[in-house]
Amino acid sequence: SFTKAGPVTRNVQMDYDEEVLHRARRKLFDLARNIGVDKDQPWHLTVSFTHPHDPYQCGHEDWNRYDHDEIDMPKVSAGDLHGGHDPYSLRLLLQYGLVDFQPTDEQIRIARHGYYGSVSYVDRLVGSLLDTLAETKLAANTVVVFSTDHGDMLGERGLWYKRVFYEEASRIPLMVAWPEHVPARRITANASLVDLLPTFLDLASGRSDERLVEPVEALPGRSLVPLVTATGEPTVNPDDDVVYGENLAEGAQAPILMVKKGSLKFNWSGVDPAQLFDLASDPDELTNLADNPAHADTAAEMQTMVHTQWDVEDLAVRVKASQARRIFLRSLYDFGPPPDWRHIPADQATIHALGDDVHYNRWAYDNILP
């Protein structure tokens, strides 16, 4: 990541993201022309880009948007941590090969510069999509939600990439735009990606729920529509201002579980020391309050919330059983090549090409979007 970071003319992720953009714009034009969809049928389009991501590369145009000497360095270094890294972070550093290798200040600055350039690159791609919505007269009746799956530590606390519940990796963008319905403002209430499905179902209200496999009330998360469409400053009941997270990935010796209630964040795994941070007074998460007697009641309350949300012992058993199954399946590949599970869809360009059984005038003169 550090030897490859910086400006490039081209990389495979740019090729991929621009193909995604091309297909998304073509789909919007088709929707506007009512190709493959009834005129009044609601639609949902997911457009998924890979940027920004390591190895922290961007094009020269986006690199040049930033003065390299002005790129900020991490606010918190490993040396700023009271008592050093927590055990889980130490395991991640070992996995990432960052125990025996420390990037130089210039390597850190280049990586962060490349990441910022990648953010600007995605801004331009999303801007192109929004321009297409405007061109096709779809913008006024389309809800646009922008989010991502994780952030990046980018050298904060000496950590990189994801897999931690520190803010840089777990606090991600969630932007909702809906002309004349969603006022432009920042909402500070807690929200989670699991809130998106109930939100989309709420936006499609008035349509039958009979085909849902389970009732909306059984889904994790809650609809964000009342929050984002409220007039005035939205109010949230403190008992509802709660989100949960779980980390079952590499480096976790047991399920690592997170509860965030208001500004309080509690991380618990049962094998590593618990963490309790108050982001209102400690936004950089430098002071762990979990063992502070003055906050014992809060820590106990949030640990109870962990055990109410999860059957911790059962979750650990199921994770290990899943690992055993996958290790077994992987061992079968020793006797031959692994199966290819990819689904390769038909080339969409063929849908737009002039076929042998289509008259030219029907192909060229129909489905024009004025």
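## Report on a predicted protein model

Buried residues make up 34% of the 370 residues in the protein; buried means under 20% relative accessible area, exposed over 50%, and partly exposed in between, with a 1.4 Å probe and protein chains only. The model is predicted, so local features need pLDDT of at least 70 and side-chain atom pairs count only at pLDDT 80 or more, while totals for chains, interfaces and linings use all residues. Residues are numbered from 1 along each chain as its sequence is written, and side-chain values use heavy atoms, with hydrogens and water left out.

The protein has 11 helices and 8 strands. These are DSSP runs numbered from the N terminus, with helices (H or I) of at least four residues and strands (E) of at least two. The C-alpha trace spans about 80 × 55 × 50 Å along its principal axes. Of the contacts with a separation of 6 or more, 70% are between residues 24 or more positions apart; contact means heavy atoms within 4.5 Å.

Helix α8 covers residues 296–309, and its 14 residues reach 20 Å from the first C-alpha to the last, close to the 20 Å expected at 1.5 Å a residue. The expected span is 1.5 Å times one less than the number of residues. Ala-299, Met-302, Met-305 and Val-306 are the buried residues of α8. They fall within an arc of 115° seen down the axis of α8, so they line one face of the helix. The arc is taken from the directions from the helix axis to the C-beta atoms. Asp-297 and Thr-308 are exposed on the face of α8 turned away from its buried side. The buried residues of α8 pack against β5 (242–247), β6 (256–261), β7 (264–268), β8 (275–278) and α9 (312–332).

For α9, 21 residues at 1.5 Å a residue should span 30 Å, which agrees with the 31 Å between its end C-alpha atoms. The buried residues of α9 are Val-312, Leu-315 and Val-319. These cover an arc of only 60° around the axis, which puts them on the same side of α9. On the other side of α9, the exposed residues are Glu-313, Val-317, Arg-318, Lys-320 and Arg-325. The buried residues of α9 pack against β5, β6, β7 and α8.

**Packing of α1 and α4**

α1 and helix α4 (residues 105–135) pack at an angle of about 10°, with their axes 10 Å apart. The two helices are therefore roughly parallel to each other, a term used for angles under 35 degrees. Among the residues making the contact are Leu-21, Leu-28 and Phe-29 of α1 and Tyr-121, Leu-125 and Leu-129 of α4.

**Backbone features in loops**

Two cis peptide bonds and two positive phi values are listed below.

| Site | Feature | Value |
|---|---|---|
| His-51 to Pro-52 | cis peptide bond, omega | about -5° |
| Asp-54 to Pro-55 | cis peptide bond, omega | near 15° |
| Tyr-56 | positive phi | about 60° |
| Glu-180 | positive phi | about 70° |

Pro-52 is in the loop between α1 (12–32) and β2 (57–59). Pro-55 has its place in the loop between α1 and β2, and Tyr-56 lies in the loop between α1 and β2. Tyr-56 is buried, with a relative accessible area of 0%. Glu-180 is found in the loop between β4 (174–177) and α6 (196–203), and Glu-180 is exposed, with a relative accessible area of 84%.

Notes. Axes are lines fitted to C-alpha atoms, for helices over the stretch in contact, and angles run from 0 to 180 degrees between N-to-C directions. Angles under 35 degrees count as roughly parallel, over 145 as roughly antiparallel, 65 to 115 as roughly perpendicular and the rest as oblique.
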